[in-house]
Amino acid sequence: MDFKILLLILCISFTAVQGFIPPCCIATAPIMRGMLRRVEKFTIQKMNGRCDINALVVYVNGRRLCAPVKQKKLLKRLKPTLKEQETV
């Protein structure tokens, strides 16, 4: 009986931990200037243990888009007051 309870607790904790993995960009595509002018916030995804590629993650109208990191320079030129958001 104790083994079944332990197994249940392990299953519940495993599924709870899986929900905290942040979504990663798996591919990037250049974003046009008009779209970059409407960016609300952005973060930089770094290639570490969780994600496979470096990417500029921008949020436009509540949508999350993945762009190449080299577009950060253009974004900063188009929207100089925009600050990078901290990643969790």
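These legends describe close-up views of a predicted protein model. Local features need pLDDT of at least 70 and side-chain atom pairs pLDDT 80 or more, while totals for chains, interfaces and linings use all residues. Residues are numbered from 1 along each chain as its sequence is written, and side-chain values use heavy atoms, without hydrogens or water.

**View 1. Three helices and three strands make up the secondary structure.** From the N terminus, the order is α-α-β-β-β-α. Helices (H or I, at least four residues) and strands (E, at least two) are DSSP runs, numbered from the N terminus.

**View 2. The largest nonpolar core holds 13 residues.** Such a core is a set of buried Ala, Val, Leu, Ile, Met, Phe, Trp, Tyr and Cys residues joined through side-chain atoms within 4.5 Å. Buried means under 20% relative accessible area, exposed over 50%, partly exposed in between (1.4 Å probe, protein chains only). I31, L36, V39, F42, L56, V58 and L75 touch the most other members. β1 (41-45), β2 (55-60), β3 (63-67) and α3 (72-78) each give at least two residues. β2 gives the most, three.

**View 3. A disulfide joins C24 to C51.** The S to S distance is 2.1 Å; the cut-off for a disulfide is cysteine sulfur atoms within 2.5 Å. The link is left-handed, with -65° about the S-S bond. C24 lies in the loop between α1 (2-18) and α2 (33-36), and C51 in the loop between β1 and β2. C24 is partly exposed at 24%; C51 is buried at 8%.

**View 4. A disulfide joins C25 to C66.** S to S is 2.0 Å. This link is left-handed, at -75°. C25 sits in the loop between α1 and α2, C66 in strand β3, 41 residues apart. Both C25 and C66 are buried.
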